[in-house]
Amino acid sequence: MSRIYNIYGNNAHEMTKKLLSAVNAISLVPSGGNVALKPNLVVAGHPDNGATTHSGVLSGCIEYFRENNVQDISIIEGSWVGDETMRAMKRAGYDVVCEKYGVKFYDLKHDRTRKVSTAIGNIDICERALDAGLLVNLPVLKGHCQTVITCALKNLKGCLPDKEKRRFHSLGLTKPIAALGAALKTGLIIVDSICGDLSFEEGGNPIHTNRMFAGTDPVMIDAYGCSLMGLDVVQYVKLAEQFGAGSTRFSPDDITDLNDPENAGSYPRPSGTVAGLTRNVHEDSACSACYASLVRALHVNSRGRSQSIYIGQGWRGKNIPDDALGVGACCSGARRNVRGCPPSAKDIAEKFVVS
């Protein structure tokens, strides 16, 4: 059974290196093989906007593999149709990383492709992704207006030429994404969930969880991501499991925290969107990871928006009204409490009462 490793904080570079060490990522590189890093650069936007992978994730990967004597490292990506990959990589600060470490960036919009047989027929996939000794998938966990969620499996769409991306949309995305996930093998996934957008893959409503996580099974990673977003496992992830891309099954015993969720830090000043969702929330010194789970739960389940909710370390050991919901271990004194440190958005949403 695969494992998932969690780490909390806001230093993407150091968090990435610790995740790689925990996974023993160097053992996944074939002898003499190269490493290709595949971030999410869907649009030309700064990572703090919630759409693209932080540059510290890339620099952390590069330093880790260089320290373990891997010299052939590259960054590969192709932005969505209508945007320029090289403009996006500069906006995200990847040009600085490439210059500092002497690593090449390859725009997959200009890469050669090969036809690969999949569960839905042939798919044209970029050769640099197919020929990587170790393909490291570096997605952002965020919402998506068509597929509800995007994480490990959907991030592989950047390894396609634009014409194939268009065809995926014409086919409805669900089956093509699942088929691609089974055909293009990623040996390792490091998920940037520091501030993924709440609803849209292009960013604009970032939710600060100050969390990253890693694993080797893209289907399990996405199923776990669904739970963190407050969702049941979405259809394309279930279908990817049927196609042999991995397993949706995981339990708390399969999750390892590398540090305490309190390392996530307190939640930053809420945006207008967050303020609207949390108008009945009594927050006192809540960690980012816990508060973000609550925000996501309120986003997917409107029942909770009219209920009195308490969250944060400031409520530890204090009285909480009997009719209120206490979120997390710090509010365990509440008559109705969502267990966990932090609890998932799905667990919180299931505690909302029917009004």
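A nonpolar core is a set of buried Ala, Val, Leu, Ile, Met, Phe, Trp, Tyr and Cys residues joined through side-chain atoms within 4.5 Å, where buried means under 20% relative accessible area, exposed over 50%, and partly exposed in between (1.4 Å probe, protein chains only). The model you are looking at is predicted, with local features needing pLDDT of at least 70, side-chain atom pairs counting only at pLDDT 80 or more, and totals for chains, interfaces and linings using all residues. Residues are numbered from 1 along each chain as its sequence is written, and side-chain values use heavy atoms, leaving out hydrogens and water.

**Cores and helix 9**

Let us begin with the inside. The largest nonpolar core has 45 residues, and Leu141, Ile149, Leu184, Phe213 and Ile221 have the most contacts inside it. At least two residues of this core come from each of strand 6, helix 6 (152–155), helix 8 (174–183), strand 10 (188–193), helix 9 and helix 10 (235–242). Here helices (H or I, at least four residues) and strands (E, at least two) are DSSP runs, numbered from the N terminus. Helix 9 provides the largest share of this core, six residues. Another core lies apart from it, with 39 residues, including Leu19, Cys61, Phe65 and Ile73. In soluble globular proteins, nonpolar side chains tend to be buried together.

Helix 9 deserves a visit of its own. It is mostly covered, with 11 of its 11 residues buried; among them are Pro218, Ile221, Asp222, Tyr224 and Leu228. At the start of helix 9, a side-chain oxygen of aspartate 217 comes within 2.9 Å of the backbone nitrogen of valine 219. This can be read as a polar contact (a pair of N or O atoms within 3.5 Å; within protein, one must be able to donate a hydrogen and the other to accept it, and residues adjacent in sequence count only if both atoms are side-chain atoms). After helix 9 comes glycine 230, with a positive phi near 85 degrees.

Methionine 212 belongs to strand 11 (residues 211–215). Its relative accessible area is 0%, so methionine 212 counts as buried. From methionine 212 to threonine 273 there are 61 residues in sequence and 23 Å in space, C-alpha to C-alpha.

**Pockets and cavities**

On a 1 Å grid over the protein atoms alone, a cavity is a set of points where a 1.4 Å probe fits but cannot get out, whereas a pocket is an open set with protein on both sides within 12 Å along at least five of seven lines; lining residues have an atom within 4 Å of a point. Grid points are joined across faces, edges and corners, and a volume is the space filled by probe spheres set on the points. The structure holds three cavities of 30 Å³ or more.

| Largest pocket | about 330 Å³ | Tyr224, Pro252, Ile255, Pro342, Ser344 |

For the classes below, Ala, Val, Leu, Ile, Met, Phe, Trp, Tyr, Cys and Pro count as nonpolar, Asp, Glu, Lys and Arg as charged, and the others, Gly among them, as polar. The lining of the largest pocket has nine nonpolar, five polar and four charged residues, and helix 9 gives the most to it, with three residues. In the second largest pocket, the lining divides into six nonpolar, three polar and six charged residues. The largest cavity is lined by three nonpolar, six polar and six charged residues, while the lining of the second largest cavity has 11 nonpolar, four polar and one charged.

**Strands**

Strand 3 gives the most to the lining of the second largest pocket, with three residues. Strand 3 and strand 4 run parallel, joined by four bridges; two strands pair if DSSP finds at least two bridges between them. Isoleucine 76 has tyrosine 106 of strand 4 as its bridge partner. Phe105 and Asp107 make up the covered face of strand 4, and Lys104 and Tyr106 the uncovered one. In a regular strand the side chains alternate between the two faces of the sheet.

Strand 5 (residues 113–118) and strand 6 (residues 121–126) run antiparallel, with six bridges. They form a hairpin with two residues between them, and threonine 118 stands opposite glycine 121 in strand 6.
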